[in-house]
Amino acid sequence: MKLRQRKQYFRNMKRSDDSEREKRRKRRRLIQELGEQRTPYLSPADPGFQELWDSSYAGLALRQSSALPDGLHERVQSALRTLQRRGCLLRDLVRVRDRDVFTAVSRALVGQPGHTYRYLDTRLFTIPWHCEGEEGQKDEKDKPCCDSDLRDACKALWELNQFFCSDVKQQTNARGVKRSRSDTENSEDTPGEGMCEESVKDRLLEEKQEEEEEEEEDSGQGCSHSSPPSSALPPDVAGLVQFNITLINYMDTTAMTQLKEEPYYGMGKMAVGWHHDENLVPLSPVAVYSYSCPAEPKNEGATEKDGEGQSKEKQKQKQKETETEGEGTSKEELKKEEGEGSEKEEVQKEKACWRVGLKVAWDIHTPGLALPLQSGDCYYMTDDLNRTHQHCVLAGDTARFSSTHRVVQCCTGTLDYIQKRSSEALENLHTDPEKNTKSLKSLLPSTLQHIEDIHNEVEFEWLRQYWFQGRRFARFCSWWTKPMEQMEKDWKEMERMTQLLLAVVEDENTAQENRREMADILLNALTDRQQHRQTWRDSRRTTLQAERVHTNTRIHVC
């Protein structure tokens, strides 16, 4: 089991680089195939929108703001504003295409105490949400880890999380019943109905070509075909959905000066580019609450009455022009012009609000979907939608908060996990109570290798992640302070164990064969450690340079 964990750890590191290169290759190929053309996409005003949604995006569910319980909107929106006002929403330094860059989106992680979420080589540490009966929300002095303001905000987000846990299950069950009835009634329909024949062929060809290279990729990232909708959730998700974290995002389009155009469909400016959500339990749902902040009024020297007067004058002038132009024009043509005008207004109104865009992953033949989001609306991505599809966030005219509730992988991302790993390593350290000297209990190569792997994991996956960015939240919440101080003490003991191993290797009384094997283990561990430390020094230099010039590189990531 220990050997398997070690192999998995290094395989994930390599897979991350390989996956990123593969995604870049696919992206270039799709853009080359498109050329100057654009694949169509559909919005609610377009004919066939609902049919496309049902056939190609069945795992997407929209819950309008009226579906939430009374009073929950007010509490959640107040909580989001509190996080913003208190300065809890911060931009992360992440690694994209071998470069250290700052996210354009400001974020905070709220969730189960001791949980973390890792994305783009960055680990976020939870501010615990507060609820009755929940343990672990006090510091070492048995005092609340957050002040009352922040506790109330986190509790409101927990209430929203509880609603999502039950509502997603109900919606999924209802859709499963509907889908099974539909499958029975249309059992003679051809596979892939609703998609052009060319799209089906291309997807099957793509699946065959990339099946082997994508087999090892985590969470199916880069999958280029759309699997048939599953009528049931896997066993671990079939019961009540348990979202364990929510990633809070804040996006202000007035401050996001480098928004990119959506490249495949021409959907408009993207606040967050096309992506899959990372490091989630396979086939687990994602629930998103969207809150668009009211636009601040722009005063350009005109009063409301002046504006109303100008508006009425324009309407009268427009009416006169219509009457003049309408002489000799048929009623049918006038109705047609009015219809075209209303359609343009509808499109402009849609693009002014925030939208979520969806597409089949690495597919340029199936039309995309653009779903407008009114303030307070929620949407769910269920079944295998996050695996087989990609989504983006299309910028609106106002600032926007989102609370994205997820079921993150817990096997290697919790405080409990890494504390147990540290204990495993320190079990090999013996302290003589009389002489107060330390020595290694076992010199077995497998044991030494296991300890050095844990040593690296503690330093690079936890300590450096926390001290580099995670501790920014310590001024709001003290929950992580004591555990990370203890982890640093454990790490110092592991450093001491490495020194003890070096002394054994240098001791000429050690058997020659054992010395050589131990030396190889030590050399590989120290070389790997030195490379990682240099990477972190470079990242720190990037941060210092950004702070010095007061400008940060902006990118569009999830």
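This is a predicted model: local features need pLDDT of at least 70, side-chain atom pairs count only at pLDDT 80 or more; totals for chains, interfaces and linings use all residues.
Residues are numbered from 1 along each chain as its sequence is written, and side-chain values use heavy atoms, with hydrogens and water left out.

**Stop 1: the whole chain**

Show the chain as a cartoon. It has 13 helices and 19 strands. Helices (H or I, at least four residues) and strands (E, at least two) are DSSP runs, numbered from the N terminus. Of the 558 residues, 47% count as buried. Buried means under 20% relative accessible area, exposed means over 50%, and partly exposed lies in between (1.4 Å probe, protein chains only). Contact means heavy atoms within 4.5 Å. Among contacts with a separation of 6 or more, 79% join residues 24 or more positions apart.

**Stop 2: the cores**

Select Phe164 and Tyr289. These are the residues with the most contacts inside the largest nonpolar core, which has 70 residues. Helix α4 (residues 148-185) gives the most to this core, with ten residues. A nonpolar core is a set of buried Ala, Val, Leu, Ile, Met, Phe, Trp, Tyr and Cys residues joined through side-chain atoms within 4.5 Å.

Keep Phe164 selected and show what surrounds it. Leaving aside neighbours within four places in sequence, phenylalanine 164 is in contact with Phe243, Ala287, Val288, Tyr289, Cys378, Tyr380 and His405. Then select Leu52, Leu60, Leu124 and Leu369, which are included in a second, separate core of 29 residues.

**Stop 3**

Two packed helices are described by the angle between their axes and the distance between the axes. Axes are lines fitted to C-alpha atoms, for helices over the stretch in contact, and angles run from 0 to 180 degrees between N-to-C directions.

Select residues 415-426 and 445-468, which are helix α10 and helix α11. Their axes come within 9 Å and cross at roughly 145°. The crossing of α10 and α11 is left-handed, a term used when the near helix is turned anticlockwise from the far one by less than a right angle (right-handed if clockwise). Residues of α10 in this contact include Leu415, Tyr417 and Ile418, and those of α11 include His450, Ile451 and Trp462. By class, the contact of α10 with α11 has eight nonpolar, two polar and three charged residues. Ala, Val, Leu, Ile, Met, Phe, Trp, Tyr, Cys and Pro count as nonpolar, Asp, Glu, Lys and Arg as charged, and the others, Gly among them, as polar.

The contact of α11 with α12 has 14 nonpolar, three polar and four charged residues.

**Stop 4: Tyr466**

Select tyrosine 466 in helix α11. Is this residue buried or exposed? Tyrosine 466 is buried, because its relative accessible area is 3%. Not counting residues up to four places away in sequence, tyrosine 466 touches Phe125, Arg471, Ala474, Trp480, Thr481 and Met484. Tyrosine 466 and tryptophan 480 are 14 residues apart in sequence and 9.0 Å apart in space, C-alpha to C-alpha.

**Stop 5**

Select asparagine 279, in the loop between β10 (269-275) and β11 (286-292). Asparagine 279 is not a glycine, yet has a positive phi of about 55°. Its relative accessible area is 25%, so asparagine 279 is partly exposed.

Go on to aspartate 383, in the loop between β14 (378-381) and α9 (385-388). Phi of aspartate 383 is also positive, near 55°. Aspartate 383 is buried, with a relative accessible area of 8%.

Threonine 414 sits in the loop between β16 (400-406) and α10. Threonine 414 counts as buried, at 11% relative accessibility. Beyond four places in sequence, threonine 414 touches Gly114, His115 and Trp462.

**Stop 6: Ser292**

End at serine 292 in strand β11. Serine 292 is buried, with a relative accessible area of 14%. Serine 292 and glycine 396 are 104 residues apart in sequence but 8.7 Å apart in space, C-alpha to C-alpha.
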